[in-house]
Number of protein chains: 2
Amino acid sequence: MPRIGLDLPTLIQAAAELADAQGLEAVTLASVAQKLRIRSPSLYNHVNGLPDLRRHLALKGLDLLTAELNGAAQGQTGDAAVYALANAYLAFARKHPGLYEAIQRAPDGGDELLAAKSGELVGRIVGALSEYGLKGDAALHAVRVFRSMLHGFVSLERQGGFGLPLGLDATFQMMIEIFLTGIRKL
Amino acid sequence: MPRIGLDLPTLIQAAAELADAQGLEAVTLASVAQKLRIRSPSLYNHVNGLPDLRRHLALKGLDLLTAELNGAAQGQTGDAAVYALANAYLAFARKHPGLYEAIQRAPDGGDELLAAKSGELVGRIVGALSEYGLKGDAALHAVRVFRSMLHGFVSLERQGGFGLPLGLDATFQMMIEIFLTGIRKL
DNA sequence: ATGATGAAACTAATGATATTAGTTTTGGAG
DNA sequence: CTCCAAAACTAATATCATTAGTTTCATCAT
């Protein structure tokens with residue numbers, strides 16, 4: 001039994017790589033343990049079972065995504081900020097499909113940390129849309145619509161729901177355009 | 001061994017009820033067999049394993065959804081048709097969350113029947129948007145954007161991604177409005 | 001140096017699942 | 001009434017998560 005020196009970040013990193021390469025379904029305690037050259041019960045020294053491992057993946061995904069969005073929106077304002085945010089969101093989902101899926105499938109009921117990180121991400125979007133003079137409920141609705149569009153596109157694209165992948169980037173840009181045109185009319 | 005007289009439609013119906021009540025994850029051969037008071041290996045007389053069962057759920061979901069959309073769009077034209085389609089889509093996803101999930105998670109690679117039914121559904125949407133004078137690629141993009149919005153909203157709503165469920169219907173209506181405003185400007 | 005301690009690995013065992021193989025029963029066609 | 005194929009069954013295997021209990025070793029206090 002050589003002492004490997006495994007720690008939580010290394011474990012989550014291995015799981016994240018598996019998720020991004022083969023999908024979240026492929027992340028089992030058995031597969032992660034095999035990748036780390038360890039027996040699966042040993043993982044319980046770092047993580048509280050499969051649900052907890054998935055939760056950590058979601059947390060890592062939220063951290064990464066938030067960081068990407070923050071970086072992309074740096075110094076941008078108005079339409080440029082919205083486009084930057086949207087494109088960074090799409091880029092993240094394409095680069096980290098497994099982590100993206102982990103974010104979506106995380107049950108946020110009662111999980112304070114998860115809710116906080118999730119709220120931080122939404123806050124970034126709220127900020128970008130705050131310049132459009134939307135008042136009260138309209139602002140809330142606009143943020144929800146924006147998120148729906150982004151997530152719907154990413155989700156359909158990943159699942160191959162669009163058929164031929166031709167012109168997907170153009171579709172995405174047009175979607176943002178439609179959104180901006182729409183909310184200016186409100 | 002009393003002969004139960006189980007057939008494929010009954011089996012799929014039982015699985016669909018389980019899916020809608022407890023989520024697609026809860027649909028296992030074991031759980032379906034228990035609901036039918038049968039041993040799980042017996043299911044192989046009707047279905048070719050769990051993946052095949054999931055496929056049948058997706059097919060049933062597509063049939064139901066397409067029927068709902070067809071009914072809702074009957075005789076409607078223009079904006080009314082788009083609203084009717086969107087609302088029927090949302091209503092279906094709320095009423096049949098398990099079947100909706102089954103549709104999304106179905107791998108359509110190489111499955112002709114699945115692809116055909118999927119195409120039929122998309123065709124219904126194409127029809128509703130054909131009156132807006134979109135030419136060539138623009139029409140393709142518009143359909144994709146519409147589907148992204150619908151799916152994104154439904155998906156986030158189901159997962160609780162919007163936080164408080166307050167005003168979700170208003171958000172949805174505004175989303176359609178934004179879409180229609182946007183594509184008229186093209 | 002050395003020895004105790006606790007963390008981190010292990011083995012063993014249990015229970016759920018899907019799946020395959022082979023067996024039994026029975027409803028219905030001839 | 002007989003036979004047969006379909007539809008149920010039992011038995012067995014493999015994979016997975018999880019729990020319990022065991023061993024080892026790195027580190028820190030002596």
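Is B:Lys35 buried, partly exposed or exposed, and what is its relative accessible area? I will start with that residue, because B:Lys35 has a relative accessible area of 38% and is therefore partly exposed. Please keep in mind throughout that what we are looking at is a predicted model.

B:Lys35 has a partner, for its side chain meets that of B:Glu17 in a salt bridge, with N and O 3.1 Å apart. The two ends of this pair come from distant parts of the chain, since B:Lys35 sits in helix H2 (residues 29–35) of chain B while B:Glu17 sits in helix H1 of chain B, 18 residues away. B:Glu17, at 37% relative accessibility, also counts as partly exposed. As a general point for those new to this, side chains of opposite charge can pair when their charged atoms come close.

Let me now step back to the fold. Chain A contains 8 helices and 0 strands, and reading along its sequence gives the pattern α-α-α-α-α-α-α-α. Its C-alpha atoms fill a box of roughly 65 × 40 × 30 Å when taken along the principal axes. Of the 186 residues in chain A, 48% are buried. If we take the contacts in chain A with a separation of 6 or more, 69% of them are between residues 24 or more positions apart.

Leaving aside neighbours within four places in sequence, B:Ala16 is in contact with B:Leu57, B:Lys60 and B:Leu99. B:Leu57 is 41 residues away from B:Ala16 in sequence, yet their C-alpha atoms are 6.5 Å apart in space.

Next, the two chains together. Chain A can be laid on chain B with an RMSD of 0.0 Å, by a turn of 180° and a shift of 0.0 Å along the axis, and the two copies are thus related as by a two-fold rotation axis. The residue of chain A that comes closest to this axis is A:Gly152, whose C-alpha is 1.7 Å from it.

Where the copies meet, 40 residues of chain A are in contact with 40 residues of chain B. In chain A, the residues that lose the most area to chain B are A:Arg144, A:Met174 and A:Ile178, which together give 20% of what that side buries. Between them the chains bury about 3,100 Å², with 60% of that on carbon and sulfur atoms. Because 100% of the interface residues of chain A are also interface residues in chain B, the copies meet through the same surface.

Across this interface there are 16 residue pairs in polar contact, with both residues at pLDDT 80 or more. The elements that give two or more residues to chain A's side are helix H5 (97–105), helix H7 (137–159) and helix H8 (168–184) of chain A. The largest share comes from H7(A), with 14 residues. By type, the residues on that side divide into 20 nonpolar, 13 polar and 7 charged.

With a relative accessible area of 4%, A:His151 is buried. Its side chain is joined to that of B:Ser155 by a polar contact of 2.9 Å. Not counting residues up to four places away in sequence, A:His151 touches residues of both chains, among them A:Tyr89, A:Tyr100, B:Gly152 and B:Leu156.

Finally, the charged pairs. A search of the whole structure finds 18 salt bridges over all chains, and 2 are found across the interface of chain A and chain B. One joins A:Arg105 to B:Glu25, where the closest N and O atoms are 2.8 Å apart. Another joins A:Glu25 to B:Arg105, also at 2.8 Å from N to O. A:Glu25 lies in the loop between helix H1 (8–22) and helix H2 (29–35) of chain A, and B:Arg105 lies in helix H5 (residues 97–105) of chain B, so this pair joins two chains. A:Glu25 counts as exposed, at 54% relative accessibility, whereas B:Arg105 counts as partly exposed, at 33%.

Note on methods:
Residues numbered from 1 in each chain as written. Chains lettered and ligands numbered in written order. Predicted model: local features only at pLDDT ≥ 70, side-chain atom pairs only at ≥ 80, totals over all residues. Heavy atoms only, no water. Contact = heavy atoms within 4.5 Å. Buried area = accessible area lost by both parts, 1.4 Å probe. Salt bridge = Lys/Arg side-chain N within 4 Å of Asp/Glu carboxyl O. Polar contact = N/O pair within 3.5 Å; in protein donor to acceptor, adjacent residues only side chain to side chain. Helix = DSSP H or I, 4+ residues; strand = E, 2+ residues; numbered from the N terminus. Nonpolar A, V, L, I, M, F, W, Y, C, P; charged D, E, K, R; others polar. Least-squares fit on C-alpha atoms with pLDDT ≥ 70 in both. Buried < 20%, exposed > 50% of the residue type's maximum accessible area, 1.4 Å probe, protein only.
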